[in-house]
Structures are given as C-alpha cells and as structure tokens.
Amino acid sequence: MGNILKKLALLLFSLLVVALLLELFLRVAFYHSKDFSMEMWKYAVAMKRAVPDPKLSFVHEPNTHGFFMGQDVRINSLGLRDREFSLTKPPGVYRILMLGDSTTFGWGVAVNDTAAKVLERELNAQPPPGYQRFEVINAGTGNYDTVQEVTFYQTRGRKLHPDMVILVYFINDPEPVPRQKQIWLIDRSYLVAFLTNRLDGLLRKTGARPGWKQYYASLYNDNQPGFQACKAALLELAATTREENTKLIVALLPELHEINPEYPFEAEHQKIKDVLAPTSVPVLDLIDGLKGHGPEETLWVTPLDDHPSAKANVLIAAQLREAIVAELGVSKQTAVASER
C-alpha cells in the first residue's frame, strides 16, 4: 500500500509539473497572438468585472489597458473603449451613443478604425445643415446581447444624455445573458482556456455541436426564452427613447461569413424588423452596403475571425451617416412645420 501511495503521489506531482510547464508555454505562445478564442478569453479576464444586475452581468473595468488581436485597447473612466467624455454634453454638440457587442467595440481594429470613430469623423467633416459638431460615443462591449445593451443604456448610457442612440444588432443577440465566472484560478489559467476552446472547436467540427448556421437560426425559435427577452428589450428601448425624446436607430449588422450573393439569415433579420415595425423606429439593414465589396474575407479582421475590419467599418459608418442625416432632416422639417 505504501508503494502504491508513493507512485500515486509521484504521478500527481509529475502531472502538476507538466501542467505548470504547459501553462508557462501557453502564456509565452499567446502573449501577443491573433487567436480569436484565446484573445477573447484574455480580454474577458483583463477587462471585465461582474455586476449584481443579472440583466447586465458584467461591464468593463474602468481605466484598464490591454493588447488583444494585435491592437492596443484602452478603457476610459466610464468603462468605454473611447476617449474621455463628460456626463454633461458640451454646448453645440449633437451626441450619439452606439450600443453593441464586440463588433461595435472594435474587436481586432484600432480605436480610430471603429465604426463609431469613423462615423464621428465623417459627420464632423461635413455636418448636416443646422448642426455644428458631433460626438459619437462607443459603448460596445464584447459578448453583450440586446438585453445587456438595453440594460446598459437604462442604467448607465442615458447618463451621457445622448440626442440619438444607435443599437447595432448582431445575429447572436437572442442568446441568454452570459454569466461572468468567479472561479479565480481556473478563469485565469491559459491551459484551461486553451483546452476548453479546442474542445469546443473539435465538437463543432465533428458535428457533436451544431454548426454556426444551424446554431444562429435556432436562436430565433419563438419558444426560446432568449428570443423573447431580446424582443422585449428592443421594445423597452424604443419606449424609453420615445419618452425621453431621444432618437433611436437600430442597425442590423450581418454575420460576415457569407453575404454574397445571398445571406442565410434574411428571415431572422426580418423577424427583428417585424418586432420594431409598430414602433416606427428606423431599422437599417447594413448588409445592403456591405455586399459587393469583394470576397467576404476582405471584410474580416483576420482570415479566421470575421469581426468587421477597418474596411468594413468604413462601409458601416457610411450607411449610418446616411441614415442619421436623413433622420435629422426629417426632424428639421417637422420642427419647421410645427413652428408654422
């Protein structure tokens, strides 16, 4: 019995040493990488903190800094990937708040190449008649869904007093609100993260888990609680902005894997349009300005990560600018008519 215990102890010690060596190796190998899964995990560990609100789950830790997907990422004192903004809106400024997930956050691109900052530059380069200056604030947070984005606006974003809110809707937004893990050692282990990510990829390749098309489409079944919560959140945001006299635009961002010549989720986009139709909230389908601009891969940040690239963000910003100018033009006409 003594020999067996000694051998077992030696085995456990050897496994621990191997695990520690693998942990060290992975920390060096993925120190600065462009592996989507590992970089997204590093971002979550370094920049997110849990909050008690179950409809929000987590936010960015203010004043944090990291390097992910080859890009320098800084979070300001308000928990946003943007420059500093005062809660009080400066005189003569038209303020736009962009809500969204990692696609709005600007995963894999420099901060100045995010859609929010491209849009801000374009609006200020040629302001619509009657407007002086624009601020476009990036409130995108990685892994947020619609429920979280609306909750963020209700609890934090509205304190910035935006004149307009743009919610950038993505195909996986009906997912249940994710929970921020609290197991310190496991959450921070490169080895655990690496093995978990690779196992998930293997299960998808072998068909043990659904592929991306099947998975995304399944989110829109009417019996899915996540879809019902998503629809309720959209209607809640429409009602809140209407009561506060804040304009709202919902922009549908396509999954960029496959947009030419046909998009596999047109029916799912239509479901969101149908939800918002009774509210008269403008819904902009961004796929219209992303099609026909070369192979899909030219719109991705890397060949294995289809988050919008700088090129895609320019195309997105151009469509948003056109929608904003049109909306502001309607407002001006309405105001003039009411004065008469």
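Q: How accessible is Lys213?
A: Lys213 counts as partly exposed, at 37% relative accessibility. Buried means under 20% relative accessible area, exposed over 50%, and partly exposed in between (1.4 Å probe, protein chains only). This is a predicted model: local features need pLDDT of at least 70, side-chain atom pairs count only at pLDDT 80 or more, and totals for chains, interfaces and linings use all residues. Residues are numbered from 1 along each chain as its sequence is written, and side-chain values use heavy atoms, with hydrogens and water left out.

Q: Which residue does Lys213 form a salt bridge with?
A: That would be Glu258, with the closest N and O atoms 3.0 Å apart. Lys213 sits in helix α8 (residues 212-218) and Glu258 in the loop between β8 and α10 (266-276), so the pair ties together parts 45 residues apart in sequence. A salt bridge here is a side-chain nitrogen of Lys or Arg within 4 Å of a carboxyl oxygen of Asp or Glu. Helices (H or I, at least four residues) and strands (E, at least two) are DSSP runs, numbered from the N terminus.

Q: And what about Glu244, who's the partner there?
A: Glu244 forms a salt bridge with Arg158, and their closest N and O atoms are 2.2 Å apart. Because Glu244 is in the loop between α9 and β8 (247-253) and Arg158 in the loop between α5 and β7, this pair ties together parts 86 residues apart in sequence. Glu244 is partly exposed at 34%, and Arg158 is partly exposed at 29%.

Q: Nice. Switching to aromatics, how many pairs are there?
A: The structure holds 16 aromatic pairs. In the pair of Tyr94 and Tyr131, the ring centres are 5.5 Å apart and the planes at 90°, so it is edge-to-face. Rings of Phe, Tyr and Trp (its six-membered ring) pair if their centres lie within 6.5 Å; planes under 30 degrees apart count as stacked, over 60 as edge-to-face and the rest as tilted.

Q: Are those two, Tyr94 and Tyr131, buried or exposed?
A: Both Tyr94 and Tyr131 are buried. Tyr94 also pairs with Phe134: the centres are 5.6 Å apart and the planes at 55°, so that pair is tilted. It links distant parts of the chain, with Tyr94 in strand β5 and Phe134 in strand β6, 40 residues apart. Phe134 is buried too, at 1% relative accessibility.

Q: What about α5, why is it called largely enclosed?
A: Nine of its ten residues are buried, so the rest of the structure largely encloses α5. Among the buried ones are Phe152 and Tyr153. Their cover includes β2 (58-60), β5, β7 (164-170) and α9 (225-243).

Q: Which residues touch the most other members of the largest nonpolar core?
A: Ile166 and Leu290 do, out of 72 residues in that core. Helix α12 (residues 310-339) gives the most to it, with eight residues. Such a core is a set of buried Ala, Val, Leu, Ile, Met, Phe, Trp, Tyr and Cys residues joined through side-chain atoms within 4.5 Å.

Q: What does Ile166 touch?
A: Not counting residues up to four places away in sequence, its contacts (heavy atoms within 4.5 Å) include Ile96, Met98, Leu119, Ile249 and Leu320. Another core, of eleven residues, lies apart from the largest one, with Met40 and Val109 among its members.
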